[in-house]
Structures are given as structure tokens and as C-alpha cells.
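Dear colleague,

I am handing over the structure that you will be working with from here on, and the notes below it say what was found. Please read them with the structure open beside you.

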Amino acid sequence: MFDTPHSAIDERLSDTKIAAKKVQVFYGDTHAIKDVDINIQPRSVTAFIGPSGCGKSTFLRCLNRMNDTIDICRVEGEITIDGEDIYDPKVDPVQLRAKVGMVFQKPNPFPKSIYDNIAYGPRIHGLAKNKAELDEIVSSSLQKAGLWNEAKDRLDEPGTGLSGGQQQRLCIARAIAVNPEVILMDEPCSALDPIATAKVEELIDELRTNYTIVIVTHSMQQAARVSQRTAFFHLGILVEEGLTQDIFTNPQDKRTQDYITGRFG
Amino acid sequence: MTAVPFIILLLAAIVGYAINIQAARAIRSGGDRLHSLEHFHGLFSLLLVVVPALTLVLIWLALQGSIVDGLVMSSLPSGVLDGLGSGQIQLIGAEIRSIAGGRIFGTPENWKLEAADRLLGYRQASGWLLVTVVTLMSLGLIFFARSKVAAEFRARQGVERITLWLMIFCAVVAIFTTVGIVAALTFETLKFFQRVPVTEFLFGLNWEPQIPIREDQIAAEGAFGAVPVFLGTIVIATVALLIAVPVGLFTAIYLNEFSPTSIRNVVKPILEILAGVPTVVYGFFAILVVAPAIRQFGQSIGVEVASNTALAAGGVMGIMLIPFISSFADDALSAVPRSLRDGALALGATRGEMMLNVLFPAAIPGIVGGILLAVSRAIGETMIVVMAAGLIARMTINPLDSVTAVTVQIVTLLIGDTSFDNPKTLAAFALGMMLFIATLVINVFALRIVRKYREIYD
Ligand SMILES: Nc1ncnc2c1ncn2[C@@H]1O[C@H](COP(=O)(O)OP(=O)(O)O)[C@@H](O)[C@H]1O
Ligand SMILES: [Mg+2]
């Protein structure tokens, strides 16, 4: 029962970090996500691919309840993280979002200093007891995001003054700083040049050892490079999900095959 | 009669437009490719006819009166104006004009009746002449425009050039009018400072703008120290801003982030309506509701309260400014990119934290700009203070006292039968000049802040 229909391998319960069952999303009358079932494994990278408008971002935003901030958006079905239903009325979305971080398509550093960008999350969640601890969180987050060497001498300068790729890594560092278990990334490289993209991909690969990462991408090469598992969405339906290698070499569904061979999308 | 030239113009414009469109169509159906679309040929003719002819009509009508008057006055029988002053000559002119208009008082001399007849004759002749000239001019221009229609004629560029000049003209009119007003104000202000020293005006603490009616009146030398007047404006504006800024900001924050769409859809239009209420209505509200309420409350706790307090005037002015500030702040908050909100929320910030730490700081320049513009509105606001503030200038910052305001003084100084060359009247211009300078400085400052902030996100 924990298998999605097209999954190529068996999965065990202990290997599931996020489980979605019969998830439906509506924007007003638009049915954007239809009956999606998926299990996402811990400490690995799962890629969502599919033609644009198929609902990848919408589904991703269900996982940290960012869809709550859109007035007309309605989510049905069940999503659990570590077995806990995140849409349970007892769950505070604010705390959920500390546990499930998110990186956006366009780098969106706050118009504050690099230091304050990173320190913002820890401050509002009270993660540091004093300045020394906060300094420690800032430097370790920047190190984990591979930005320490470039940023350590300019912590007081505005984050918006960094290059696009650096800004995106700053945003990743900002997400890491609140100690999340899951990091959601919505096309994190689509605004970056190839060199910055390579750096961010490298970073994602490193982060995999400690975090559960879900990444939306429009680039199949990127999915192939960074992810262990891939899910293919089409018109709001999860068509196929499995090991990345299997999806790209041996897709089960005709639509997946067409997309991967570039026939639509 | 005055309408006829305009009707001719309208007809000429329509005819020219139609003729040129027809001609252009004919060229196209003849198989040639037109450089410009047909309607540009039409518009070219229309503008070519209307712009010069309309200019002519307007200038003609503007000058007609004085030229006709001049002709009439110079045709009066010799001797009747001998030994009269310019004022009396003007009176005779006015009498002739009113006779011509059919309003005859008493029994005017014969030569006046004849002059009135001549006046009517000149007017009529001028009218017919104008009609003829406009008709000929329009016809000529229509033909000229028609002769221009050709496959390769660049009618679109022609239209664009004429429109461009029209726009430049309009812009220049606005600028020159402003310059003219400032020049007039400066001129009167300088005349005032010839009579009253600048230092007394700027630093004097005593404002009693009376002037002696008779030479020998005692103690009637006016005092023109404007400090208490400006102090009154400052007190009232401060009260107004203390009310408008917090209320306006919280309204904006609520509407922008916390209110359900349904409430926003109701409250926003209401605020816009409030912003359009004439200030005289706020003035009534101040004298009929707010001032009595404040006085009663004062009495009930045993405090002496004047009837026209700075609190009442400033409070009502504050209410007037709430929609102004809230709409400015709302715009500034909405201009902060959605991605910044999402970034903060995705880190687990509550909406309140997001508003306080991210949206608000990013929107601050815009908000400050809005507040500064509100300040300049507050110090320039006239109707509310004329109705609700006092007349006597006092050196006080107690909002429960009666104070006056700069605009109130300007109004009272200009009311009444005083001529334009005594210090009392001239003082109004000096006050106006100061007000103008103050609001100008504030507005320049505000716009600069707003513009700087616009650059960040666009
Ligand atoms: N805020 C929104 N309001 C209304 N409809 C939306 C909104 N966001 C997305 N949609 C709709 O939901 C569908 C899926 O969009 P999205 O999740 O952004 O697709 P993807 O990320 O795969 O390109 C699209 O049809 C889109 O028009
Ligand atoms: Mg998307």
C-alpha cells in the first residue's frame, strides 16, 4: 500500500519521510492537483518534473502549507511528515515551516545585511540564547551553504548586493539556519547562469546527507544530475514516480516517455 | 454669435477628416500601398484645420473686447473727456457698455447713446469678420491637407509631430502659469517687506495686523510678527498627524495583510470616498460635533476649554488625512514584492513578524514620503481651520487653547475693503509665500524619498 502504482522498487514504511494520500488542490474552481499519492524518502533528493502549469509548484507548496497564504486555494487529502498529519488543526503552520524550509525560484534575500538575512529565522524562533550562539549559527549556515568564503568579510553588506548565484545560496543558508528537516526548492536555478547553477547543484548534492530535499525543476538534465528519485506530473496528475535512473531510461508511461524524449513540454 | 466660429470649426474638422479618408481610400483601392493608414490622413487634416483656426478664434475673442472698447472711446466727440481722471474715463466706458447691454440708468447724454450704438456695430462687424476669416482659413487648410494626400505622404509622422507640439504647449502652459503665480507672490511679498522689516516678520512674537484708519489714531500701529501664527499651524498640524499617522498606518497594514478580501473590498472604496469629501464638510463636522464634544468633556472633568480649540481643528484634519496616509502606505506595502513576503513566511515567520520585520522596513521610504505629503497638506489646509480654529494668534502649544493658523490669517487679511497696498493686505502675501516655500521644500523632499524607494524594486 505504500507503493505508488508505477514505482519500480519496493519501499518500506521506515523509508518514508513525507507521505501524501489522495491530495487534491483547488484554486477557486480550478482543480490543479488531482488525487496525488506519493512517498518521499528521507535524506535524499526527489525531483518533480513535468510541463509548466502541471502543478509541480502547487504540490510543493502543499508540503509546507504555503498554499494557506493564497486566499482562493483549498487543499484536500492527507499529507504526513514523520507520520504526523500536517493539515491537522492542531498543527501550527508557522512551526511546520520552521521544520520544512523553502527556497524559491527567484532569489529573494531580504533587503538587510547578509548577517541579518541568516539570523532572521533563528531570531524569530529563539534558537540562539546570545550573540555568540547566533554568530555560530550564521557562520555554520553559511559554511553549509558553501558561501562562507565569499561572504565572511562582508557580513554587514546588504544581501541584495550579492550576485544571483550567491543570493540563491544565501537563501539556502537562510533556510538551513532554522534547522529544518526538509528543504523544498522550487526551480532554484532557473534564474541563474550555468556556473552558478553548477555550484547550487553541487550544494544540493552535499545537503542530501542531512536533509530531505524536494526540488522542482524544468530541466531534465538537472533532475538526472541531482536527484535519486523523480516524479513526473502532467495536468495535475502524478503520472509516474520512481528511481531517477528508471524514469529516464525505462519510463513505464507513454506520457513520461513523450516528455523525456522532448515530444511535449 | 460667439458659438458660430466654433461650429464652423467643428464642421470643417469633420469635413476635412472625411475628405482625406476618402482620398486615401481611393488611392488604396487604386492599387497603391499607402505609407500611413487612412485614418492618419484624416487626423492630419483634422489637426491641421483645428489647431491654427482654433488658436486664431481664441486670440480674436480674447482681444476683441479691448480693441472694440478702444475704438469706441477714441470715437467719442472731442471735448467730453477733457479734464477727467483715468478712473472717471473708465466709469464712462462701463456706462457705455451697460447701455449697449440694454441696462440704461437715468437719462444718459446723447453722445453716450450714440457711442453705445457704435459699440454694438463694431462688435457685430468683428463677429462677422471672424466668421468669414475662420471659414476661409478652414477651407484653405482643408484644401491644403487634401492636396497632401498621396501614397508616400507620411501622414502618421505629421499627426505625431502636431500632437507632440500640442503636448509641449500644454506642459508649457502649466509651467508658465506656476511661474507667473510665484512671480506675483514674490512681488507682493517684497512690497510688504519694504514696509515691515523681514526680521520683525520672521522673529516677531506679536501678531496684530491692524492698521490705523486715521492718521492720528493711537496705539494702532500693527504688529507683524508671524511666529505665533506659524506656531498655531504647527500645533494644529501636529495634532492632525498624531491622529492620522497611526490610524492610517494601522488601517493600511490591516487592509494589506490581515483583512479578508471581503472586508478589504468594502473598506477600500469607503476610504476613497472619504478622501473625496469636500473639506468644508469636515469643517462643519468640527464645529458641530467635535468642538462641542471636547468642550463638554472638558467641563465634565473641570478643565477650561476654549470653544475653537487646536484639538478640534487638528483632530478633524487628522480624520481628513487618514485615507490619504492609508492609501499611500497601502501602495507602499503592496509594492514590496510578493517574494519577500513568501520568503519570510516560509522561514516560519508569523504574518505579524513578517509585516514588522520585512514588509514595513521595505515600505518605509514610501510611507515616509506619504507622511511628508500629508504634512504639507496639513499646513496648507484652509477650510477646516477657517471654520474651526481661532482668529487670535497666541504663543501657546496647548492644544486645548484657541490658536490661529497661517491660512486662516491669509483669509481674514484679504477679507474686507482694504486696498492692495497697505501692509495688512500685503502681509497675506508674505504669509502665503512662507507657506509656499515650506510646502515646496517638504514636497521636493517627499518626492525624492518616494522616487529613491521606487528604484529599489522596479
Ligand atoms: N495563485 C494561483 N491562483 C490561481 N491559480 C493558480 C495559482 N497558482 C497556480 N495556479 C494554477 O494552477 C496550475 C498549476 O500551477 P503551478 O503549480 O504553478 O504549475 P507548475 O509549477 O508546474 O508550472 C496552473 O494551471 C496555474 O494556472
Ligand atoms: Mg512552478
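**Chain A as a whole**

Chain A contains 10 helices and 10 strands. Its radius of gyration is 18 Å, close to the 18 Å that the globule rule gives for 265 residues, so chain A is as compact as a globular protein of that length. Please keep in mind throughout that this is a predicted model. Taken along the principal axes, the C-alpha atoms of chain A fill a box of roughly 55 × 45 × 35 Å. Of the 265 residues in chain A, 55% are buried, and the accessible surface of the chain comes to about 11700 Å², with 49% of that belonging to carbon and sulfur atoms. When one takes the contacts in chain A between residues at least 6 apart in sequence, 66% of them join residues at least 24 apart.

**The open sheet of chain A**

In chain A, 4 strands make up an open sheet in the order β2-β1-β4-β5, and their pairing is antiparallel. The edges of this sheet are formed by β2 (30-40) and β5 (84-85) of chain A, each of which pairs on one side only. Strand β1 (residues 18-27) of chain A is joined to β2(A) by 7 bridges, and the two run antiparallel. Within this pairing, Val23(A) stands opposite Val36(A) in β2(A), while the bridge partner of Ala20(A) in β2(A) is Ile38(A). The hairpin of β1(A) and β2(A) has 2 residues between the strands, and in this hairpin Gly28(A) takes a positive phi near 60°.

Is strand β9 (residues 229-234) of chain A enclosed or open to the outside? Buried residues account for 6 of the 6 residues of β9(A), so the strand is largely enclosed by the rest of the structure.

Strand β3 (residues 45-49) of chain A runs parallel to β9(A) and is joined to it by 4 bridges, and here Ala47(A) has Thr230(A) in β9(A) as its bridge partner. With strand β10 (residues 237-243) of chain A, by contrast, β9(A) pairs in the antiparallel sense over 6 bridges, and Ala231(A) stands opposite Glu241(A) in β10(A). The hairpin of β9(A) and β10(A) has 2 residues between the strands, and Leu235(A) takes a positive phi near 50° in it.

**Aromatic rings**

Over all chains, the structure holds 12 aromatic pairs. One of them is formed by Phe44(B) and Phe153(B), an edge-to-face pair at 5.0 Å centre to centre with 70° between the planes. Phe44(B) lies in helix α2 (residues 38-74) of chain B and Phe153(B) in the loop between α4 (110-148) and α5 (155-195) of chain B, so the pair ties together parts that are 109 residues apart in sequence. Phe44(B) counts as buried at 8% relative accessibility, and Phe153(B) is likewise buried, with a relative accessible area of 17%.

A further pair in chain B is made by Phe192(B) and Phe224(B), whose ring centres are 5.6 Å apart and whose planes stand at 80°, so this pair is edge-to-face. Because Phe192(B) lies in helix α5 of chain B and Phe224(B) in strand β2 (residues 223-224) of chain B, the pair ties together parts that are 32 residues apart in sequence. Phe192(B) and Phe224(B) are both buried. Ring pairs also link these two with Phe193(B), Phe201(B) and Trp207(B) into a cluster.

**Arginines**

In chain A, the charged end of Arg174(A) sits over the ring of Phe110(A), 4.3 Å from the ring centre. In chain B, Arg377(B) lies over the face of Phe324(B), at 5.2 Å from the ring centre.

Another arginine, Arg341(B), lies in helix α11 (residues 338-346) of chain B. With a relative accessible area of 11%, Arg341(B) is under the 20% limit and is therefore buried. If its neighbours within four places in sequence are left aside, the residues in contact with Arg341(B) are Asn256(B), Glu257(B), Leu333(B), Ser334(B), Val336(B), Met354(B) and Leu359(B).

With kind regards

Definitions and conventions:
Residues numbered from 1 in each chain as written. Chains lettered and ligands numbered in written order. Predicted model: local features only at pLDDT ≥ 70, side-chain atom pairs only at ≥ 80, totals over all residues. Heavy atoms only, no water. Phe/Tyr/Trp six-rings, centres within 6.5 Å; stacked < 30°, edge-to-face > 60°. Buried < 20%, exposed > 50% of the residue type's maximum accessible area, 1.4 Å probe, protein only. Lys NZ or Arg CZ within 6 Å of the ring centre and 35° of its normal. Pairing = 2+ DSSP bridges. Rg over C-alpha atoms; globule rule 2.2 N^0.38 Å. Contact = heavy atoms within 4.5 Å. Areas by Shrake-Rupley, 256 points an atom, 1.4 Å probe, with all protein chains shown as cover.
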